[in-house]
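Work through the exercises below with the sequence and the model open. Each task is followed by a solution in steps.

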Amino acid sequence: MSPQRPAKIQRALNVFGPFIGLALVIAIFALIPEVQGRFLRFANFKSVATQSVIVALGALGMTFIIVSGGIDLSAASNIALSSVIAAYAINAGAAPLVAVVLGVLTGGLVGLANGALVTRLRLIPFIVTLGMMGIARGAAKWIAGNQKIDAPMTWANELMARSPRPSWLLLAPGVWIVILLAVSMAVVLRYTVFGRHVFAVGSNESAARLCGIRTDRVKILVYSVAGLFCGLSGGEGSILGTMVGVMIMSFLRNGCTMMGWPNYIQEIIIGAIIVIAVTLDRLRHRGE
């Protein structure tokens, strides 16, 4: 066998591996008699896409952090806090656009705080974001009074409507926003100086610093961008892989729900798949 052939196979697996995983998940549930009639309907695919919006937005920002070699445990709590701020603002009489902007800025400020603490005080990202997770979650509960905030219906609610208006959109406006942002971020990550710097910091921060890259500024920007994405809703990675991963998790939850499996079974299955995926990725890198 030519020595170039294994390398080509490896590259093909890197590109098509996530799609193969997604296809397998869809195929498994499509072949189960109890749910196959409902699972493959276009209406179900629309539902899965809509339910994936919030996770996808957070994952887009998280991609930058992972590529830069960092970690952010506060993402989910940041999303909760930003959502509470937006809903509270609408209830207080603010215009929906103002409320959305306040929510996005809240997420960005949390991300900025994470980045500043990691870079300026040289703290470990795991510890910083673990602490911020508690702060953001506690703040969200405090502002909401430990209960759900029911904001009045506005155009912001239509962003996640399963039956969009106008109907020619086919999918919820939020889904199209995610697609647009995913394409934009893929271009930023792959074809801009900032994107190259993010990869450089994630690959070898010391070498990047010696090359003249302002690594602290890159990290602060990365955490801030991730925070902004949370408000809307090491060392390698891609936007496409992130989006496929989100869809795999969404279809898994959707299929498990259709099967009527309890939540703890779903969590065990999804957790096992994550561990298997990480293990396979580690084995793949050992073979390189």
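Helices are DSSP runs of H or I with at least four residues, numbered from the N terminus. By that numbering, L24 is placed in helix 1. The model is a predicted one.

**Exercise 1. How many helices and how many strands does the protein chain have, and in what order do the elements run?**

Step 1. The secondary structure of the protein chain comes to 14 helices and zero strands.

Step 2. Read from the N terminus, the order of the elements is α-α-α-α-α-α-α-α-α-α-α-α-α-α.

**Exercise 2. Is L24 buried or exposed, and which nonpolar patch does L24 belong to?**

Step 1. The cut-off for exposed is over 50% relative accessible area.

Step 2. L24 has 52% relative accessibility, so L24 counts as exposed.

Step 3. On the surface, L24 forms a nonpolar patch with F16, F19, I20, I28 and L240. Together these residues have about 610 Å² of accessible area.

Step 4. Helix 1, residues 4-30, gives the most to the nonpolar patch, with five residues.

**Exercise 3. Which residues have the most contacts inside the largest nonpolar core, and which element gives the largest share of this core?**

Step 1. The largest nonpolar core has 33 residues, and L189, I239 and M243 have the most contacts inside it.

Step 2. Two or more residues of this core come from each of helix 4 (53-67), helix 5 (75-91), helix 9 (173-191), helix 10 (193-203), helix 12 (215-232) and helix 13 (239-259).

Step 3. Helix 4 supplies the largest share of this core, nine residues.

Step 4. Another core, of 16 residues, lies apart from it; I26, F39, F251 and I270 are among its residues.

Step 5. Return to M243: leaving aside neighbours within four places in sequence, M243 is in contact with A56, L60, V178 and A182.

**Exercise 4. How many disulfides are found in the whole structure, and is C256 buried or exposed?**

Step 1. A disulfide is a covalent bond between the sulfur atoms of two cysteines.

Step 2. A search of the whole structure finds zero disulfides.

Step 3. Buried means under 20% relative accessible area. C256 counts as buried because its relative accessibility is 1%.

Step 4. C211, in contrast, has a relative accessible area of 67% and is therefore exposed.

**Exercise 5. What share of the residues is buried, and how much accessible surface does the protein chain have?**

Step 1. Of the 288 residues in the protein chain, 39% are buried.

Step 2. The accessible surface of the protein chain comes to about 16100 Å². Carbon and sulfur atoms account for 69% of that surface.

Definitions and conventions
Residues numbered from 1 in each chain as written. Predicted model: local features only at pLDDT ≥ 70, side-chain atom pairs only at ≥ 80, totals over all residues. Heavy atoms only, no water. Patch = residues over 30% accessible without salt bridge, like charges linked within 9 Å, V, L, I, M, F, W, Y side chains within 5 Å. Areas by Shrake-Rupley, 256 points an atom, 1.4 Å probe, with all protein chains shown as cover. Salt bridge = Lys/Arg side-chain N within 4 Å of Asp/Glu carboxyl O. Buried < 20%, exposed > 50% of the residue type's maximum accessible area, 1.4 Å probe, protein only. Disulfide = S-S within 2.5 Å. Core = buried A, V, L, I, M, F, W, Y, C linked by side-chain atoms within 4.5 Å. Contact = heavy atoms within 4.5 Å.
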